[in-house]
Amino acid sequence: MTTEQFAARHIGPDADAERRMLDVVGYDSIDELMDAAIPEVIRWHGALDLPEPASEHDALAELRDIAGRNTVAVSMIGLGYHGTHTPAVIRRNVLENPAWYTAYTPYQPEISQGRLEALLNFQTMVTDLTGLATANASMLDEATAAAEAMTLARRASKSRSSVYVVDADALPQTIAVIASRAQPLGIEVRVVDLDADELPGEFFGLHLQYPGASGAVRDHTPLVGAAHAAGALVTVAADLLALTLLRAPGEIGADIAAGTTQRFGVPMGFGGPHAGYLAVRAGLERMLPGRLVGVSRDAAGNPAYRLALQTREQHIRREKATSNICTAQVLLAVMAGMYAVYHGPDGLRAIARRTRAMAARLAAGLRAGGVGVADVAFFDTVLVTVPGRAAQVVADAQRRGVNLRLVDADRVGVSCDETTTPAHLAAVWAAFGVPAFDGDVAVDPAWPAGLARTSAFLTHPVFGAHRSETAMLRYLRRLADFDYALDRGMIPLGSCTMKLNATTEMEPVSWAEFAHVHPFAPASQTAGYRELIAQLEGWLAEVTGYDAVSVQPNAGSQGELAGLLAIRAYHADRGEAHRDVCLIPSSAHGTNAASAVMAGMRVVVVGCDDDGNVDLVDLDTKIDKHRDALAAIMVTYPSTHGVYETGIAQLCARVHDAGGQVYVDGANLNALVGFAKPGRFGADVSHLNLHKTFCIPHGGGGPGVGPVAVRAHLAPFLPGDPCGDGGDGRPVISAARHGSAGILPIPWAYLRMMGAAGLARATGVAVLAANYVAARLREHFPVLYAGNKGLVAHECILDLRPVTKATGVTVDDVAKRLIDYGFHAPTMSFPVAGTLMVEPTESEDLAELDRFCAAMIAIRAEIDAVASGRWPAGDNPLANAPHTAAMVSADEWPHPYPRSVGGYPAGVDRAGKYWPPVRRVDGAYGDRNLVCSCPAPEAFED
Ligand SMILES: *Cc1c(COP(=O)(O)O)cnc(C)c1O
């Protein structure tokens with residue numbers, strides 16, 4: 001493989017390094033290693049049918065060509081997606097900056113203070129604007145946030161009704177997602193025209209849109225009162241920009257607010273990714289789904305951020321979790337939060353006023369020309385009546401380069417935004433056949449009684465301190481410097497595949513032809529996108545051996561739900577709707593169980609044997625017990641224990657014999673690509689994680705894409721069009737047809753540049769690297785599980801329980817001490833408590849692998865020093881880790897080991913040392929004293 005080939009850039013070890021690693025592992029070649037590791041029953045021996053690999057330069061040229069087949073029109077469609085100007089300082093220093101986009105989810109708070117602060121800004125922005133007490137750190141989109149609000153309302157409501165009332169003026173895609181989520185849970189959704197019809201007698205929740213999809217701004221106060229009288233909770237799906245001018249949902253009594261932050265500087269991207277939001281009133285915070293950032297303190301008593309109330313989440317609560325959400329939209333939440341920091345409250349208000357003034361001028365011009373405009377209060381969207389002429393007006397506007405919303409044969413919706421110009425208004429007037437208008441229009445007219453916002457927002461100093469570009473640049477740099485991401489070193493997280501996110505893969509994401517396309521733009525403008533998606537879906541089908549793929553799910557958890565809903569629909573279609581048991585091994589990822597419950601299934605846990613494999617005896621017992629009700633089994637392959645289980649083929653056969661379907665969680669596909677195809681070895685459906693195996697960066701906890709891949713018999717039940725008629729009965733998983741389409745150029749480029757041979761080599765090197773680390777560390781820490789010939793797959797579990805038992809040194813201590821050595825910790829205590837799971841990936845070169853092994857071996861020696869009594873149990877470099885610069889340079893040094901051992905342990909590069917900004921964070925303290933918005937600056941004074 002020559003260095004002109006991208007694969008040689010993507011894969012860390014070169015031929016010489018590979019040789020040395022093979023020697024340590026004891027094999028002559030990668031082929032021989034893979035033959036030994038992968039059970040023959042699942043092995044696939046062909047070559048993937050993919051195009052010959054393109055160079056980076058040629059792949060970009062092809063993408064330019066594809067992008068050129070999209071048309072960037074002026075978008076005035078609205079419906080939750082708006083034009084916005086991403087401040088260049090944010091685009092270049094967040095979206096295009098690997099310090100932000102290659103970071104992992106902030107489970108290790110000491111090395112994540114930058115993104116935690118950025119997310120706290122986001123949460124503060126949402127709570128301030130919505131007038132509610134607590135907001136989480138992002139949702140996947142507005143529609144899924146609204147669906148999560150529905151289930152939250154059901155958990156919190158005292159009403160026994162199963163009816164959920166939805167405003168007929170809600171966004172159509174939101175109604176579609178709510179309906180899909182409600183169905184398996186036995187919730188009855190009633191869409192009600194709240195201007196004309198009564199509320200039902202009993203219901204547990206009410207969803208209102210504010211402003212409505214039609215643009216109308218209504219005073220919802222009476223409805224909120226009526227809902228509360230019925231014991232129901234109220235969700236207001238609100239536009240945050242409008243809330244700078246309108247009374248906040250919290251101020252009219254709403255219990256929950258949901259929505260999107262897309263128009264805060266995040267391009268539309270043909271549907272995503274952007275950050276949805278969810279906020280709740282006081283008293284509901286412990287029921288909130290998703291990740292929540294809170295303030296706590298570190299070992300020195302200084303304020304420090306970390307994820308709060310994690311016991312709510314799927315990784316702890318599993319089938320009892322409030323939601324299956326795991327990967328969210330962190331990178332986009334950071335962008336939206338920074339947009340608010342950059343503009344400040346007055347800047348946002350000015351953008352909102354200008355947007356409203358544009359809409360007012362548009363309406364005035366139409367009225368002056370004799371065209372009917374809905375006589376309601378509105379913010380940015382005007383509903384225009386042109387009897388019988390709507391399609392013609394929309395087509396005419398399109399010819400002028402402007403997309404409008406075709407509501408029905410008689411009505412057109414026109415939405416203004418931050419990017420609207422007088423020229424756009426002129427084009428719209430012309431399309432309606434009215435003359436250009438230059439009369440006077442009030443810039444900020446009074447709102448009808450009860451609608452205007454009077455309360456302050458974004459009063460925290462952070463929303464005023466970074467308003468010049470110099471200040472913003474430095475603020476972004478300061479926060480990025482707090483964090484450890486892939487741009488500093490290895491992130492050996494098991495199951496998460498923190499591999500290279502190549503710059504060439506990332507560049508097209510910023511191109512206008514991909515960034516500025518509305519998800520409901522006419523098909524004639526999206527040929528490039530549709531070609532790219534069709535190719536990508538085809539390649540993913542080839543890689544996995546399935547027949548059909550949908551990229552709609554915007555995270556792995558959503559792919560799981562989509563796959564399980566397909567299974568559910570399949571059984572129902574065959575008259576076996578009673579099949580509702582989902583078997584899940586005890587080692588499964590938390591999202592599996594949570595998704596099964598959301599799909600209306602009952603979770604039955606199957607045990608593991610002493611080798612960590614699915615216990616086939618227990619499997620038989622559970623199948624026998626639930627034979628008639630068996631819907632599916634959900635297994636991860638290779639297992640979450642990092643082993644290629646040989647029993648997989650038998651497992652599939654037994655479940656099929658009992659009438660069940662086999663779901664293979666594809667998060668570990670990095671161990672299979674080019675060597676085995678789940679769709680060929682017995683599985684019916686999988687989700688993939690494009691943000692793991694296929695190089696979409698983790699973004700600090702999102703975005704992601706979780707395509708669902710199925711065999712032909714499940715293809716009719718793949719996700720449907722959120723804006724279709726709904727008549728096709730397919731489930732709708734996210735708000736946009738193609739989910740987070742804006743980042744699909746990344747996996748496209750990866751596949752296009754790697755080719756069949758490159759992909760297979762990546763898998764081989766990933767497996768080699770895991771076995772190399774296992775071989776080097778085995779004598780220092782036992783490797784918990786292994787499969788054929790003592791080999792692991794693409795990751796290995798280091799068992800620290802014996803060490804902990806003997807010395808009191810915990811996985812936490814080792815994880816934090818690794819920070820001092822310049823590493824991100826491996827996965828802690830998943831899937832086995834008291835262990836560390838290491839996934840090196842193919843992208844780390846041998847020098848970095850050796851640096852990691854050396855650090856682990858040195859840490860083992862430190863543990864021995866604690867065991868021998870040289871250092872006391874409570875005061876040693878492990879217990880005190882991580883060490884900050886402030887700590888080791890303090891005038892006082894009360895510890896029984898030298899400062900240099902604390903701050904510069906063996907092998908650390910003194911010139912390039914990463915220093916965490918805080919000491920070990922006390923998570924429990926923050927959960928007892930919950931603070932989830934920006935703390936007053938005084939909190940940081942000494
Ligand atoms: C990451 C992961 C998931 C969940 O994927 P998200 O994109 O975070 O929702 C599910 N299963 C396994 C095994 C995983 O590693």
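Predicted model: local features only at pLDDT ≥ 70, side-chain atom pairs only at ≥ 80, totals over all residues.
Residues are numbered from 1 along each chain as its sequence is written, and side-chain values rest on heavy atoms, with hydrogens and water left out.

Secondary structure elements are DSSP runs numbered from the N terminus, with at least four residues for helices (H or I) and at least two for strands (E). An open sheet of four strands has the order S11-S12-S15-S14 and antiparallel pairing, two strands being paired if DSSP finds at least two bridges between them. Strand S11 (372-373) and strand S14 (405-408) form the edges, each pairing on one side only. Between S14 and strand S15 (residues 411-415) there are three bridges in the antiparallel sense, and Asp408 has Arg411 of S15 as its bridge partner. Helix H13 (residues 390-399) packs on this sheet, where it touches S14 and S15, and its direction makes about 175° with that of S14. Helix H12 (residues 330-368) lies across S11, strand S12 (381-385) and S15, running at about 15° to S12. Contact here means heavy atoms within 4.5 Å; axes are lines fitted to C-alpha atoms, for helices over the stretch in contact, and angles between N-to-C directions run from 0 to 180 degrees.

Strand S9 (residues 293-298) pairs with S10 in the antiparallel sense over five bridges, one of which joins Ser296 to Ala304 in S10. The two strands form a hairpin with four residues between them, and Gly301 in the turn has a positive phi of about 85°. Five of the five residues of strand S10 (residues 303-307) are buried, so this strand is largely enclosed by the rest of the structure. In the loop between S10 and helix H11 (314-317), Leu309 has a positive phi near 45° and is buried, with a relative accessible area of 4%. Ser829, in the loop between strand S24 (827-828) and strand S25 (835-838), likewise has a positive phi, near 60°, but is partly exposed, at 34% relative accessible area.

Across the whole structure, 18 aromatic pairs were found. Rings of Phe, Tyr and Trp (its six-membered ring) pair if their centres lie within 6.5 Å; planes under 30 degrees apart count as stacked, over 60 as edge-to-face and the rest as tilted. The pair of Tyr104 and Tyr107 is tilted, because the ring centres are 6.2 Å apart and the planes stand at 55°. Trp893 and Tyr897 form an edge-to-face pair, at 5.5 Å centre to centre and 90° between the planes; both residues are buried. Phe270, Trp511, Phe514 and Tyr529 form one aromatic cluster. Arg64 lies over the face of Trp511, at 3.8 Å from the ring centre, and Lys677 lies over that of Trp44, at 4.0 Å. For such placements, NZ of Lys or CZ of Arg must be within 6 Å of the ring centre and within 35 degrees of the ring normal.

A cis peptide bond joins Tyr210 and Pro211, with omega of about -10°. Another joins Ala881 and Pro882, with omega of about -5°.

Technical notes. Buried < 20%, exposed > 50% of the residue type's maximum accessible area, 1.4 Å probe, protein only.
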